[in-house]
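Welcome, and please take a moment to look over the sequence and the model before reading on.

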Amino acid sequence: MSQRAAAQGALSLGALGVVFGDIGTSPLYTVQTLFDPRDPHPVKVSHDSIFGVVSLIFWSVTIIVTVTYVLLVMRADNDGEGGIMALIALIRRRALPGGRRAKAVLAALGIFGASLFFGDSMITPAISVLSAVEGVKVAAPSVSGIVIPITVAIIVVLFMAQRLGTGAVGRVFGPVMAVWFTVLAALGVRGIVAHPAILKALSPTYAAGFLAGHFGTAFFSLTAVVLAVTGAEALYADMGHFGRGPVRRAWLLVVFPACILNYLGQGALILGHPASIANPFFLLTPGWGRLPMVFLATVATVIASQAVISGAFSVAHQAGQLGYLPRLRIQYTSEQVRGQIYVPWINWLLLVSVLTLVLAFRSSAALAYAYGTAVTGTISITTLLFFYYARHQWRWPLWIVLAAGGILLAIDLLFFAANLTKLTHGAWLPLLIGLTAFTILITWQRGRELVTQKRDREEGSLPEFIAQLHAMKPPLPRVPGTAIFLNRGKATAPLALRANVAHNEILHQQVIILSIETMPAPHVPQAERLQIDDLGFRDDGIIHVTARFGYMDKTHIPGLLPLIRDAGIEGSSPDGRLSYFVSRIELVQGHAPGMSRWRKRLFIATSRITADAAESFRLPRERTVIMGSRIEL
């Protein structure tokens with residue numbers, strides 16, 4: 001085997017553990033939820049319904065996951081990165097028809113899709129771990145009362161361990177999930193052998209017949225069928241970690257066959273033993289293997305939860321870099337993998353939310369009612385954004401976009417409409433979470449625009465300020481050392497520089513005005529990192545440096561000093577005197593137009609979670625000076 005083939009195989013194995021945890025654990029609860037008698041619209045067990053729902057599951061997974069995501073959407077990558085935020089960045093950075101208004105509408109849709117993902121990130125750990133631990137009720141009914149305490153303990157340990165990073169654990173994720181998918185396939189084959197007639201459900205005629213002949217039942221069943229495709233967004237979002245090829249191969253050769261075999265096996269079991277609808281997944285397992293299966297399923301669901309939690313960290317980080325969230329405290333947990341991050345504030349918010357869901361719903365079946373809305377909403381938005389991008393960037397013919405996009409979007413919207421029927425049974429929850437997150441994101445973006453406008457007026461023109469400095473008689477005293485002033489661009493003067501001149505009446509020998517620019521691309525090469533502007537006064541030691549970072553790059557300002565020196569500029573004085581100056585803004589609610597009072601209060605409240613600039617940019621505390629100012633909204 002060549003080194004390239006071995007490397008690709010290793011990536012595919014890794015993808016099993018990180019990308020497919022969520023969708024790979026869906027067999028635990030999908031079929032059970034379909035036939036759950038407690039469901040407001042349960043599917044009654046019959047020959048037609050069994051074949052119909054199994055066929056619906058197969059074709060839903062095939063169309064939504066294989067066709068929409070694996071074959072189509074994954075082609076739209078942002079320098080190798082995927083996910084709905086990457087799709088938003090692609091649309092924002094391209095000169096697409098419709099101008100700023102069209103981009104703003106599409107970006108808002110994308111942000112709403114990303115907001116729904118936060119709801120998914122809260123529900124997935126709760127339903128996944130609960131469904132696995134509930135296997136105890138089948139394997140050892142006498143101790144079924146400890147399901148909730150065990151679930152709570154596992155979830156607490158899972159979130160407490162996030163700060164350690166997934167690097168070490170990640171190495172075993174792939175092999176564990178490989179065992180999981182092997183067991184899924186084996187159990188499925190066991191059920192199929194007992195009732196091979198279930199294989200006829202692979203024909204689309206059974207799905208079409210079920211929809212046509214029992215539309216009311218079939219329509220409501222889509223709220224449970226959608227559970228089989230939860231995690232589809234992860235295929236796209238985690239593409240940057242492994243590459244398009246390994247993710248596609250892992251899905252087509254391992255995950256897809258294993259899951260479908262297991263769904264067929266569960267359908268076969270119910271066909272022969274209708275009473276097994278109580279928990280067809282664990283009842284498909286031989287009696288001697290049920291306790292080990294509970295353990296394996298619990299491990300698999302922890303891995304599935306880990307993937308979604310890591311995705312929430314990435315989405316929050318990308319949202320902050322693109323201007324939809326304040327700067328959050330980020331910890332990078334791997335020196336080798338840039339995408340492995342830990343966001344403490346998001347972690348503890350998710351922990352509280354997941355525990356609340358577990359204690360409020362208390363069963364995976366009850367949580368399943370709330371699950372599909374966020375997933376189908378995100379999938380529908382992703383499909384719409386993709387076909388818009390394909391039409392205007394790749395110049396796909398209009399008839400292909402209307403035909404293919406129309407069919408796929410119609411299927412997505414049918415699932416979304418079905419899940420809206422469960423609004424009073426829990427589907428309101430992910431929508432509420434999504435709307436809350438969306439309101440926070442767009443409020444922060446709007447408030448940030450207003451603050452920027454006011455700050456521009458207070459800072460004034462940078463070229464004019466520098467010219468005034470050079471025209472001063474007598475000139476300001478120059479003190480030894482280098483001062484680096486963080487600023488938002490080169491159009492305006494840093495407030496900290498103005499304050500230093502006004503109160504201390506000095507200038508350092510070397511003054512570097514440094515701006516950080518986040519590009520709508522995941523990574524920026526080192527060779528393209530810096531742009532130097534001498535502002536017309538380079539001989540006097542005052543320059544402007546723009547440092548470009550991708551939205552997935554680690555923003556480390558001290559690490560820029562070697563690049564600055566390589567550009568022919570002294571990044572620090574010979575005696576090592578180097579100081580960083582940061583402007584801190586205090587926001588106060590006023591009566592200025594631009595936002596309603598409640599949004600101003602929300603914006604100011606959100607600003608309080610902003611991470612300290614010195615910590616975010618990795619500035620040494622002992623060399624950092626923070627100077628404050630006040631802005632009234």
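What follows is a short tour of helices, a cavity and some single residues.

This is a predicted model, in which local features need pLDDT of at least 70 and side-chain atom pairs count only at pLDDT 80 or more, while totals for chains, interfaces and linings use all residues. Residues are numbered from 1 along each chain as its sequence is written, and side-chain values use heavy atoms, with hydrogens and water left out.

Just after α16 comes Gly323, with a positive phi of about 95°.

Now move along to α19. The 23 residues of α19 should span 33 Å at 1.5 Å a residue, and its end C-alpha atoms are 31 Å apart, which agrees. Along the way, α19 has a kink of about 25° centred on Gly406 (the bend at a residue is the angle between axes fitted to the seven residues ending there and the seven starting there). Which residues of α19 are buried? They are Val401, Gly405, Leu408, Asp412, Phe415, Ala418 and Asn419. An α-helix has 3.6 residues a turn, so residues three or four places apart point the same way. The buried residues of α19 pack against α4 (47-72), α11 (215-225) and α18.

Between α18 and α19 there is a loop, and Arg395 sits in it. Arg395 is exposed, with a relative accessible area of 62%, and has a positive phi of about 60° although it is not a glycine. Most residues other than glycine have a negative phi. Another such residue to look for is Glu505, which is not a glycine and has a positive phi of about 55°; its loop lies between α22 (495-504) and β4 (507-519).

Helix α18 holds Thr378, which is buried at a relative accessible area of 6%. Leaving aside neighbours within four places in sequence, Thr378 is in contact (heavy atoms within 4.5 Å) with Tyr69, Ile84, Gly113, Leu116, Phe117 and Glu233.

On a 1 Å grid over the protein atoms alone, a cavity is a set of points where a 1.4 Å probe fits but cannot get out, and lining residues have an atom within 4 Å of a point. The lining consists of Ile64, Val226, Val229, Thr376, Ile379, Asp412 and Phe415.

Finally, visit Ala614 in helix α25, residues 613-616. Ala614 counts as buried at 3% relative accessibility. Not counting residues up to four places away in sequence, Ala614 touches Leu619, Arg621 and Thr624.

Technical notes. 1 Å grid on protein atoms, 1.4 Å probe; cavity = no way out; pocket = protein on both sides within 12 Å on 5 of 7 lines; lining within 4 Å. Helix = DSSP H or I, 4+ residues; strand = E, 2+ residues; numbered from the N terminus. Expected span 1.5 Å × (residues − 1). Buried < 20%, exposed > 50% of the residue type's maximum accessible area, 1.4 Å probe, protein only.
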